[in-house]
Amino acid sequence: MQRTETDHTHLSRAIDLAARGRGRVHPNPVVGAVVVKDGQVVGEGWHAEYGGSHAEVNAIAACNGADLSGATIYVSLEPCCHQGKTGPCTEAILEAGITRVVVAADDPTEKASGRGLGILRDEGVTVDVAGGELAARARLANQAFRKHARTGRPWVLFKSAMTLDGKVATRTGDSKWISSDASRALAHKWRASVDAVVVGIGTALADDPQLTARIEEDPDEPALRQPRRVVFDATGRLPLDSKLVQQAPEIPLTVVVSRAAPRSTTDGLANAGADVIVATGENEPARVRSALDQLGESGIHAILLEGGPHLAGAFLDAGEIDEVRLFLAPLLLGGSKARDPLEGEGVEKISEALRALTLDCERVADDVLISARLREW
């Protein structure tokens, strides 16, 4: 695509608009759109709510009936061409009389990939697809959507808080609180942006957590949906009187067990309102992959992996951590028996280590947040 500076500006704006839907449209992708005619922006929109109108439709509606013949629409993701909860965006574009479409990123799903753009071209619409920095930004905005489309498994964000000497708990298991109030508030926003929050049974037993996203919401925006809570619990030890199980009728709970879990235990969890899935495989990494396959089949596109070192190590050994966000707190614990953030088998040689594709750092109150992207989809 031969982009002008104007094209770059409007497409960048579409990508920025897409971010407004985060936490409200999953498992759908976030998408933004800008309609321009005669060099002037006449409408903007984004996918604001799951089941609601898509970005292109909202941007066209924002034009308030203006004549859009000869207009250009800038979209952060390839327009859909299939009937879902809403109609095809390609039809809305054609009906509006828009004659040029500029797209930042492709849609990798089987039902969409390239089809929407082909339909538009067949109808005489000029289609330009971005490359370079804009395309990369648009792809990064929808990593969960893209991974699920290509593998069927959820995208995994691993979050942890550790001390300056790399510890996540003392030798007695105490970890409250390593990170600051501001860091924990930010983690709650991350919970609201994913489909599920995942912990191991050790964390569930030690903390009796709720794993809900507790943040102040904007009354003018669609409500954030609470993520599904997922507990990896091989033998079904999660107590029926735990907060997770008690809230299961209102906030979805999935318990991942192995074949070793007694039937009486899994029946009890199911009767209390939890979904129980059986992960199979000869070792923990294999059972992680089995569980992710099943979670992906159920519509989970993105998960936040919160605990603890044992489960995180199994995810790493399985090759299923896509991004890491570590809060580094200004504390020193010491002690050879203090907990590390990742256990599992690990690698034998430095040359076998998983190297981050990108690395970013920022200050959050007294902590330092280190974000590392391990894969790009």
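Predicted model: local features only at pLDDT ≥ 70, side-chain atom pairs only at ≥ 80, totals over all residues.
User: Thanks! Where is Ala 135 found?

Analyst: Helices (H or I, at least four residues) and strands (E, at least two) are DSSP runs, numbered from the N terminus. Ala 135 belongs to helix H5, residues 132-140.

User: Is Ala 135 buried or exposed?

Analyst: Buried means under 20% relative accessible area, exposed over 50%, and partly exposed in between, with a 1.4 Å probe and protein chains only. Ala 135 has a relative accessible area of 4%, so it is buried.

User: Which residues is Ala 135 in contact with?

Analyst: Contact means heavy atoms within 4.5 Å. If we leave aside neighbours within four places in sequence, Ala 135 touches Ala 104, Ala 105 and Ala 130.

User: How do I describe helices H1 and H5 packing?

Analyst: Two packed helices are described by the angle between their axes and the distance between the axes. Axes are lines fitted to C-alpha atoms, for helices over the stretch in contact, and angles run from 0 to 180 degrees between N-to-C directions. Helix H1 (residues 5-18) packs on H5 at about 10°, with the axes 10 Å apart. Angles under 35 degrees count as roughly parallel, over 145 as roughly antiparallel, 65 to 115 as roughly perpendicular and the rest as oblique. H1 and H5 are therefore roughly parallel.

User: Which residues of H1 and H5 meet?

Analyst: From H1 come His 8, Leu 11, Ser 12, Ile 15 and Asp 16, and they meet Glu 133, Leu 134, Arg 137 and Ala 138 of H5. By class, this contact has four nonpolar, two polar and three charged residues. Here Ala, Val, Leu, Ile, Met, Phe, Trp, Tyr, Cys and Pro count as nonpolar, Asp, Glu, Lys and Arg as charged, and the others, Gly among them, as polar.

User: Now the backbone. Which peptide bonds are cis?

Analyst: One of them runs from His 26 to Pro 27, with omega near 15°. Pro 27 sits in the loop between H1 and strand E1 (32-37). Another joins Lys 176 and Trp 177, where omega is about -10°. Trp 177 is in the loop between strand E6 (155-162) and helix H7 (181-192).

User: What is the phi of Asp 38?

Analyst: Asp 38 is not a glycine, yet its phi is positive, about 55°. You can find Asp 38 in the loop between E1 and strand E2 (40-46). Asp 38 counts as exposed because its relative accessibility is 70%.

User: Finally, what about the largest nonpolar core?

Analyst: In soluble globular proteins, nonpolar side chains tend to be buried together. A nonpolar core is a set of buried Ala, Val, Leu, Ile, Met, Phe, Trp, Tyr and Cys residues joined through side-chain atoms within 4.5 Å. The largest one has 30 residues, and those with the most contacts inside it are Val 231, Leu 238, Leu 244, Leu 253 and Val 255. Elements giving two or more residues to this core include E6, H7 and strand E7 (196-200). Apart from this core lies another, of 27 residues, including Met 162 and Val 198.

Technical notes
Residues numbered from 1 in each chain as written. Heavy atoms only, no water.
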